[in-house]
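This briefing is intended for a reader new to the structure. Please keep the sequence and the model in view while reading the points grouped below.

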Amino acid sequence: MTTIGILGAGSMGSGIAQVAATAGHEVRLFDTNPVALQKASEKLQKILNRLVEKGRLDDATAKAIFGRIYFSDSLKAYAECGMVIEAIIEHLDIKKSVFSELESIVSQDCILATNTSSLSVASIASACKDPSRVIGIHFFNPAPLMKLVEIIPAIQTSTETTEKSRKLIDTWGKLTILAKDTPGFIVNRVARPFYGEALRIYEEGFADVATIDWSMTELGGFRMGPFTLMDYIGNDVNYTITETVFKAFYYDPRYKPAFTQKRLSEAGYHGRKAGKGYYDYSENAEKPQPNRDKELGENIVWRILVMLINEAADALYLNIASRDDIDLAMTKGVNYPKGLLQWADEKGIQHCVDTMDRLHSEYLEDRYRCSPLLRRMARDGKTFY
Ligand SMILES: NC(=O)c1ccc[n+]([C@@H]2O[C@H](COP(=O)([O-])OP(=O)(O)OC[C@H]3O[C@@H](n4cnc5c(N)ncnc54)[C@H](O)[C@@H]3O)[C@@H](O)[C@H]2O)c1
């Protein structure tokens with residue numbers, strides 16, 4: 001069993017460490033911030049204790065998993081690792097300098113993976129003398145629970161690195177899909193409207209955050225509302241992904257970030273982890289009540305859903321991934337109740353086109369342009385399945 005190094009002991013790093021240790025690997029978990037390491041250790045212990053209480057693990061196994069994770073404040077601990085997965089701050093220059101430093105410590109055949117959500121893997125790999133060993137391995141939050149992992153070879157990545165990485169992650173009980181090294185890969189590209197259109201509806205004053213979240217969960221069948229999810233992911237992280245994807249798409253208005261989230265991020269209202277985001281997470285805070293107007297709720301769901309469908313159709317149109325992988329990515333990566341292309345068939349392709357055209361003619365914004373694929377399919381009477 002190869003030793004796995006994890007760089008960054010935040011939400012993702014500690015989750016991936018748990019997954020690797022549960023699969024039987026020795027894990028080296030490193031963070032520049034000793035407080036983060038301490039917190040990760042306490043959190044992991046708590047999670048493992050809870051699994052024992054629930055009867056999902058026996059005490060000895062939980063102790064063995066925890067015992068396999070070595071918390072380290074030095075990168076030198078990575079010398080014996082067969083793979084290092086980086087999960088530090090989403091900042092290209094910092095990631096590049098860390099990868100370059102890592103390469104001088106690890107062995108020659110060690111795979112260097114990044115868990116980046118939105119940065120170019122090719123660009124991170126370019127910081128290494130041997131970029132063929134660098135790959136994107138993108139877990140979803142929370143890593144121990146989410147089954148999907150996107151494997152993203154950069155143009156420099158060797159076939160051997162891709163095959164070895166995929167094989168290894170498959171043994172961890174994950175479902176791996178190959179994604180192109182394009183902004184947001186599959187899930188973070190297709191899912192942008194889930195946040196962006198919800199924020200737009202809120203900014204236009206159609207509904208408050210509690211009502212939008214209620215509509216998407218109660219009427220739409222999504223496991224979490226967009227604002228609850230943004231608070232869970234972290235508004236700093238989520239905003240940065242949106243902004244990165246927006247810039248990476250040459251400022252396509254489809255991916256335009258919202259001032260509401262930018263201000264929250266600037267103010268430090270990062271969500272659950274900060275105790276405050278769209279919602280207040282302090283102990284005695286009152287939960288805001290939604291407006292349970294069914295017609296309003298259904299309009300909200302359809303406006304967000306049609307934007308998601310349009311994005312999924314466009315990803316297929318541009319060959320980012322196959323029809324099946326796009327639907328699988330959204331159901332297994334972010335727990336959508338249905339694949340978006342399957343949903344499009346159920347709603348009717350013509351209905352999707354008509355709604356997109358109505359939004360476009362109302363706002364006159366390129367943001368609402370209908371995917372050429374949907375338009376062609378409606379014209380030819382075709383469905384995705
Ligand atoms: N949060 C999510 O939902 C999610 C999902 C998938 C991927 N990601 C990606 O995973 C990465 C980490 O995200 P997160 O949510 O865990 O962030 P986080 O803020 O919870 O944790 C980041 C950790 O990295 C540490 N760190 C910063 N610079 C470092 C350095 N130079 N060396 C070592 N440690 C350093 C920080 O101290 C912090 O503990 C990002 O690239 C993010 O885009 C996040």
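Does Gly67 count as buried or exposed? Gly67 counts as exposed, because 10 C-beta neighbours lie inside 10 Å; a residue is buried if 20 or more other C-beta atoms lie within 10 Å of its own, exposed if 12 or fewer, and partly exposed in between, with C-beta atoms placed from the backbone. The model is predicted: local features need pLDDT of at least 70 and side-chain atom pairs count only at pLDDT 80 or more, while totals for chains, interfaces and linings use all residues. Residues are numbered from 1 along each chain as its sequence is written.

**Domains**

- The chain is divided into domain 1 (3-178) and domain 2 (189-380), with bounds that come from an automatic or database domain assignment.
- Between the C-alpha centres of domain 1 and domain 2 the distance is 28 Å.
- To the contact, domain 1 gives 11 residues and domain 2 gives 12 residues; two residues are in contact if their C-beta atoms, placed from the backbone, lie within 7 Å.
- On the side of domain 1 that touches domain 2, six residues are nonpolar, three are polar and two are charged. In this classification Ala, Val, Leu, Ile, Met, Phe, Trp, Tyr, Cys and Pro count as nonpolar, Asp, Glu, Lys and Arg as charged, and the others, Gly among them, as polar.

**Surroundings of the ligand**

- There are 26 residues around the ligand, and Gly8, Gly10, Met12, Ala36 and Asn141 come nearest; a residue is near a molecule or strand if its C-beta atom, placed from the backbone, lies within 6 Å of it.
- Both domain 1 (3-178) and domain 2 (189-380) contribute to this shell, with at least three residues from each.
- Helix 1 (11-22) and helix 4 (92-103) each supply at least two residues of the shell, and the largest share, three residues, comes from helix 1. Helices (H or I, at least four residues) and strands (E, at least two) are DSSP runs, numbered from the N terminus.
- Sorted by class, the shell around the ligand holds 13 nonpolar, 11 polar and two charged residues.

**Backbone features**

- Most residues other than glycine have a negative phi, and most peptide bonds are trans.
- Asn141 and Pro142 are joined by a cis peptide bond, with omega of about 0 degrees. Pro142 lies in the loop between strand 6 (134-139) and strand 7 (148-153).
- Phe185 is a residue other than glycine with a positive phi, near 50 degrees. Its place is in the loop between strand 8 (175-178) and helix 7 (187-190), and Phe185 is buried because 28 other C-beta atoms lie within 10 Å.
- Tyr250, although not a glycine, also has a positive phi, of about 55 degrees. Tyr250 is placed in the loop between helix 11 (235-248) and helix 12 (259-267), and is exposed because 7 other C-beta atoms lie within 10 Å.

**Two helix residues**

- Gly67 is found in helix 3 (residues 59-67). The C-alpha atoms of Gly67 and Thr171, 104 residues apart along the chain, are separated by 20 Å.
- Leu296 belongs to helix 13 (residues 294-317) and counts as partly exposed, because 17 C-beta neighbours lie inside 10 Å.
- Leu296 and Thr211 are 85 residues apart along the chain, and their C-alpha atoms are separated by 9.0 Å.
- Not counting residues up to four places away in sequence, Leu296 touches Ala207 and Asn291.
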